[in-house]
Amino acid sequence: MKNSIKYFGFLLLGASALVSCSDEFLEEKQNYDATGQDVYNYYVGAKGRINDLYGWCLPNVADMNWQYPSVGRGDEAGKSTEEYSGFSSYVNGETVTLNSATTSNQVPDYFGGDDMDNVQAAVFGAVRNINNAIEGIENSTLTEEQKNELLGQAYFFRAWTYYKMVKWYGGVPIVKTVLAPHPSSFTQRSSTKECIDFIVEDLNKSAEMLRPFTINGGWESSENYGRITSGTALALKGRVLTLWCSPLFNRQKDMERYKSAYETMKADMATIDACGYGLYGEGNPGTNASAFARMFAVTDRNPEAVFVTLYNTLVDFSGYGDNVKHNRWERDIRPSNTGGGGYQPSKMMVDLFPMADGKQPQSYTSYSNLAKSSIEYDERYPFMDRDPRFYRTFAFPGFRWAYTTGGNGDATAMDNHNPSYNKGADYVLWNYVWFYGGSDLDENNTSYRGADNLSKPSGVMVRKKSDDADVNTAVYDYRPDGQGAQNGGYAVPFCSAAPLMEMRYAEVLLNLAEVACFAGHTDESYAILKRIRQRVGYTGDCGLTVSGDEATCMSAILYERQIEFAYEGKRFDDMRRWMLFDGGAELPAGAPDSWKPSGWGGNTCTWLGFKPFNGQRRENFIYRVNRYDDEDLEYVISPTRQDYDKDPLVEYLTDSEEERPAGVDLRRDDLPQQLSSLKAWYKKYLSWAERPGDARNSDDYSPKHIKFLPKYYFLGFTQGVSAHNKGLLQTIGWEDYNNGAALGTFDPLAE
């Protein structure tokens, strides 16, 4: 039992400083983490401890781990969905099986943390820190008003920490107090229902305590913008209840869960709205959904930002000041010739977006029970006639993507071979390629060069959540030489202050739409879907075919979530909770018959009309330079680095006294005409080509396919977690390190 208390009976160690909020909220503060009871008797000291919890718990722009949810990067979550190609460990089941009894191919750990001997790197270190703050404030001499203000925030973060565990494991140990370092402190897993009830209880406490401070449009003082509100707590409660109602935890389709959740979430909307939340740009979508693009970079009060991490552009020339907090998303998604790296979406994700009429492309249907568009879709020109959000999610060759309003935005300061484009104010993405040293028809050929000195060219790039200078007053400090801006040891060309919205008001509405669908209110679900689409410029029926059928309604909701939240890190959670990899057709070893999704016709994918993700592949695509006058322009290009400026297309156009077209400008209201002109130019000068995305077998280059194993719907504990917690029950389907690798016995579905 000694090892068990190593995990649940920590000594309180040091703490991280506040991660992010408004500029005032980001001022350097004392470290209040390792303090005695007396500090809680002073409001400033107690508030410092709450500020510390923000540092521990706020989401961050990083790969998914125990502390941070996915935010849309090509991490373990992103590469488990349609959004990115390249197998994650979860969908590589044809080759690798994750295990829990050895360190080889070990299942990811969202329960122990990176280092269970380090309280700052362990999940229950965060729980202990929160419990310490709760106990300290509750037992303090502060006024009841002061206690409520601070405790309301602490209870939220305890619920948030537990939610992140429960969505992966089901039931986990419930720890409400600061445990002593003694064997008696060991705590066994509670049932999933007990954990859900515990999370909901904490969120209700949080909402009630924060009501006096936040229901009149949010926190009164601007320096508190970014803090938790009653609306934040109730919005997270809605997400938790939606998860609890979903097939992952509701295999028999208990309708009472849905009805109870609907009544609760419907009633909570009044408080959420009273905290000042709403759809950003509702009633004024702007030109080509410019409001949708702008909302991701709003730094002052943003009604869409229900749960948000704030950043700044402060620069600490002397080192790593704690108040320097940059959002690196902008840097990472930008092309390499502006100092970034760029994210390449899969062709599958590009293809499945709705057409301009709001319906699915005819040849790329995700849901068989949803309407198909009458607009012809040509995969060679996927930018034609698409949903308004498509153009704010992706960027293609020949699209404007301005990155500065002037000043120090010249990318040639970083590399004089990079294009300037008026110091970035008129930047146009040109990411076509040309091949050398072999045929471009050979899938193995990676010998290519990219236009405009791009080192990672692709046919399309992720543009979502960009601080586009054409729609925003820039909230980043662009430093192409990397001087003076350090974050995590990297030079940061884009020191962005764009907020990270973990929960948007659109999600609050779509969560409500989901439970309404099964509570006898499909009409309300469709009304919400129309509201979401009207925000980006749809009119009339918004491309929706209203149906009272639950399966059709739910398919429409899942499809809308996939488009609305593309590259925001939400899709993997949706795919797990709706079991979209195989529909629940297979059960993990040792699972009882009660795990079969009997309430969903035995298979959620069949019930939804959704093609199971297992067995599919995700490919990528490029645009390559055409041949002219029977001359193979690819082969006149030397592979040496001296040929930066020998773009064969530019040379050809120069000889022909022509130029590349001006970039497609989303500020203009003639988008269809601009796109038609670009399509005609593509036809003449560029060819579309599919390129390998997901991995292939090394011996014969035959394609591998997605395979998400049934035991991955609920994760098991790693060998390290089990070794530190000798009595902790292992999840069904996973080997128990403490029991000779016998299969686990804990049932996440048992109440």
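This report walks through a predicted protein model, from its overall make-up to a few individual residues.

## Ground rules and confidence

Because the model is predicted, local features need pLDDT of at least 70 and side-chain atom pairs count only at pLDDT 80 or more, while totals for chains, interfaces and linings use all residues. Residues are numbered from 1 along each chain as its sequence is written, and side-chain values use heavy atoms, with hydrogens and water left out.

A word on confidence comes next. The mean pLDDT (the predictor's confidence in each residue, from 0 to 100) is 89 for the protein, with 87% of its residues at 70 or more. Residues 1-34 have a pLDDT below 50, and beyond near neighbours in sequence this stretch has 118 contacts in the model; a contact here means heavy atoms within 4.5 Å. Residues 484-490 also stay under 50 in pLDDT. For that segment, the model has 20 contacts beyond four places in sequence.

## Overall make-up

You will find 19 helices and 16 strands in the protein. These are DSSP runs numbered from the N terminus, with helices being H or I of at least four residues and strands being E of at least two. Of the 751 residues, 63% count as buried, where buried means under 20% relative accessible area, exposed over 50%, and partly exposed in between (1.4 Å probe, protein chains only).

The protein exposes about 26400 Å², and carbon and sulfur atoms supply 46% of that area. Accessible areas come from the Shrake-Rupley method with a 1.4 Å probe, and for residues only the protein chains shown count as cover. Among contacts between residues at least 6 apart in sequence, 73% join residues at least 24 apart.

## Helix 6 meets helix 12

Helix 6 (residues 230-245) and helix 12 (residues 505-517) have axes that come within 10 Å and cross at roughly 35°. The axes are lines fitted to C-alpha atoms, for helices over the stretch in contact, and angles run from 0 to 180 degrees between N-to-C directions. This crossing is left-handed, which means that the near helix is turned anticlockwise from the far one by less than a right angle.

On the helix 6 side, the residues taking part are Ala235, Gly238, Arg239, Thr242 and Cys245, and they meet Glu507, Val508, Asn511, Glu514 and Val515 in helix 12. The residues of this contact divide into four nonpolar, three polar and three charged. In that count Ala, Val, Leu, Ile, Met, Phe, Trp, Tyr, Cys and Pro are nonpolar, Asp, Glu, Lys and Arg are charged, and the others, Gly among them, are polar.

Tyr262 lies in helix 7 and is buried, with a relative accessible area of 10%. Beyond four places in sequence, Tyr262 touches Leu512, Val515, Ala516, Ala519, His521 and Glu524. Tyr262 and Ala519 are 257 residues apart in sequence, yet their C-alpha atoms are 6.7 Å apart in space.

Asn620 belongs to strand 13 (residues 620-625) and counts as buried at 9% relative accessibility. Its contacts beyond four places in sequence include Ser85, Gln344, Lys347, Glu690 and Gly693. Phe390, in helix 11 (residues 390-393), is buried with a relative accessible area of 0%. Leaving aside neighbours within four places, Phe390 is in contact with Val350, Phe353, Pro382, Phe383 and Phe396.

## Two positive phi angles

Most residues other than glycine have a negative phi. Asn288, which is not a glycine, has a positive phi of about 55°, and Asn288 lies in the loop between helix 7 (255-274) and helix 8 (290-294).

Tyr701 is not a glycine either, and has a positive phi of about 60°. Tyr701 sits in the loop between strand 14 (686-691) and helix 19 (719-724), and at 28% relative accessibility counts as partly exposed.
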